[in-house]
Amino acid sequence: PETVRMGAVTTRLVLFDIDGTLIRTGGAGVRAFARAAELVFGAGDGTRDLRFHGRTDGSLVSEFLRNHRLDDHPANRARFLDAYVFLLDEELRRSRGEICPGVTHLIAALRDCPEPPAIGLLTGNIRLGAALKLTPHGLAQSFVTGAFGDDHLDRNELARVALARGSGYLGRPLSGNEVVVIGDTQADIQCARAIGARCVAVATGGESLPELLEHSPALALESLSGIAAESILDAGGCTERWVDWEALYCAGDTRWDHGEPSPGL
């Protein structure tokens with residue numbers, strides 16, 4: 001990707017989303033959600049009309065309850081999620097999924113930086129669900145701080161929680177521009193923007209590269225494979241948006257090409 005660089009940006013904290021960014025579970029979470037809806041509330045169509053990408057577990061349960069004219073109360077959400085994590089564990093034992101391309105190398109590269117940033121999570125998964133998903137891949141111990149779906153229903157509020165916890169871990173207040181959020185949906189871009197952070201959007205999960213580019217992330221990539229740690233830490237420190245033009249061309253998204261000469265020519 002081509003950029004024109006401005007002044008240096010110092011990144012102290014890198015926050016990763018989980019589903020579609022770090023790992024793919026092959027739909028284990030959706031299956032567990034559907035089973036919990038039927039087991040706890042007798043709803044055979046518990047995932048109807050729900051969009052899972054970029055959501056918090058709590059907001060999904062809340063929407064399910066309202067869709068089925070059930071009381072959207074903390075006690076009902078807790079009952080649902082207690083069953084959900086049990087069933088999620090069962091689904092993951094059947095098929096634990098896979099690590100997304102480039103993730104293991106990037107985490108190692110971030111650790112090896114001369115001034116390594118703190119590495120944390122910013123995920124809509126409740127804490128136990130996150131551990132169940134990451135532990136089989138040896139990733140759970142990679143993260144020292146973060147925010148989870150237990151902390152708030154709103155994804156943007158989770159970003160504020162993650163910023164505060166990152167500040168506590170590092171022992172000083174962090175500003176948003178010292179933080180990079182890595183995620184695979186527009187919700188990740190929006191929650192990064194809510195705290196003034198920069199977002200690296202990666203098209204390995206819920207949305208395609210052209211869809212992510214519509215929301216102007218600091219850096220847009222087809223995957224994390226082969227990306228240098230410095231590119232992540234410097235994301236947003238340039239006068240032009242980073243764009244993976246080759247990936248767009250291969251995806252057939254050539255909206256810049258009008259298919260005819262410029263009128264001036």
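Where is the place of A235?

## A235

In this predicted model, A235 sits in the loop between α9 (229-233) and α10 (245-250). With 0% relative accessibility, A235 counts as buried, because buried means under 20% relative accessible area.

Leaving aside residues up to four places away in sequence, A235 touches R198, V200, A218 and L219. A235 and A220 are 15 residues apart in sequence, and their C-alpha atoms are 9.5 Å apart in space.

## Helix α3 and its two partners

Helix α3 covers residues 74-94, and helix α2 covers residues 57-67. The two pack at an angle of about 115 degrees, and their axes are 10 Å apart. The crossing of α2 and α3 is right-handed. On the α2 side the contact is made by D57, G58, V61, S62, F64 and L65, and on the α3 side by N76, R77, F80, L81 and Y84. By class, the contact of α2 with α3 holds six nonpolar, three polar and two charged residues.

Helix α3 also packs with helix α5 (residues 127-134), here at an angle of about 5 degrees and with the axes 10 Å apart. Angles under 35 degrees count as roughly parallel, and α3 and α5 are therefore roughly parallel to each other. The residues that meet are Y84, V85, L88, D89 and L92 in α3 and L128, G129, L132 and K133 in α5. This contact of α3 with α5 divides into six nonpolar residues, one polar residue and two charged residues. Y84 of α3 takes part in the contact with α2 and also in the contact with α5.

## Loops on either side of α2

A43 lies in the loop between α1 (28-41) and α2. The relative accessibility of A43 is 8%, so A43 counts as buried. Not counting residues up to four places away in sequence, A43 touches A34, A37, E38, F64 and H68. One of these, F64, belongs to the α2 side of the contact with α3.

R69 is found in the loop between α2 and α3. R69 is not a glycine, yet has a positive phi of about 55 degrees. The relative accessible area of R69 is 77%, so R69 is exposed.

## L22

L22 lies in the loop between β1 (13-16) and β2 (23-24). At 0% relative accessibility, L22 counts as buried. Apart from residues up to four places away in sequence, the residues that L22 touches are F16, D17, E98, I99, C100, V103, I107, L121, L134 and F143.

L134, one of the residues touched by L22, is 112 residues from L22 along the chain. The C-alpha atoms of L22 and L134 are separated by 8.5 Å.

## E207

Is E207 buried or exposed? The relative accessibility of E207 is 6%, so E207 counts as buried. E207 lies in the loop between β7 (198-202) and α8 (209-213).

Two interactions of the E207 side chain can be listed. A polar contact of 3.1 Å joins the side chain of E207 to that of R51. The side chain of E207 also reaches the backbone nitrogen of Q186 at 3.3 Å. Not counting residues up to four places away in sequence, E207 touches R51, D184, T185, Q186 and L212.

## Helix α7

Which residues of helix α7 (residues 186-194) are buried? They are A187, D188, I189, C191 and A192. These buried residues pack against β4 (118-122), α6 (155-170), β6 (179-183), β7 and α8. After α7 comes G196, whose phi is positive, near 75 degrees.

## S216

S216 lies in the loop between α8 and β8 (219-221). S216 is not a glycine but has a positive phi of about 55 degrees. At 40% relative accessibility, S216 counts as partly exposed.

Notes
Residues are numbered from 1 along each chain as its sequence is written. This is a predicted model: local features need pLDDT of at least 70, side-chain atom pairs count only at pLDDT 80 or more; totals for chains, interfaces and linings use all residues. Side-chain values use heavy atoms; hydrogens and water are left out. Axes are lines fitted to C-alpha atoms, for helices over the stretch in contact, and angles run from 0 to 180 degrees between N-to-C directions. Helices (H or I, at least four residues) and strands (E, at least two) are DSSP runs, numbered from the N terminus. A crossing is left-handed if the near helix is turned anticlockwise from the far one by less than a right angle, and right-handed if clockwise. Contact means heavy atoms within 4.5 Å. Ala, Val, Leu, Ile, Met, Phe, Trp, Tyr, Cys and Pro count as nonpolar, Asp, Glu, Lys and Arg as charged, and the others, Gly among them, as polar. Buried means under 20% relative accessible area, exposed over 50%, partly exposed in between (1.4 Å probe, protein chains only). A polar contact is a pair of N or O atoms within 3.5 Å; within protein, one must be able to donate a hydrogen and the other to accept it, and residues adjacent in sequence count only if both atoms are side-chain atoms. Angles under 35 degrees count as roughly parallel, over 145 as roughly antiparallel, 65 to 115 as roughly perpendicular and the rest as oblique.
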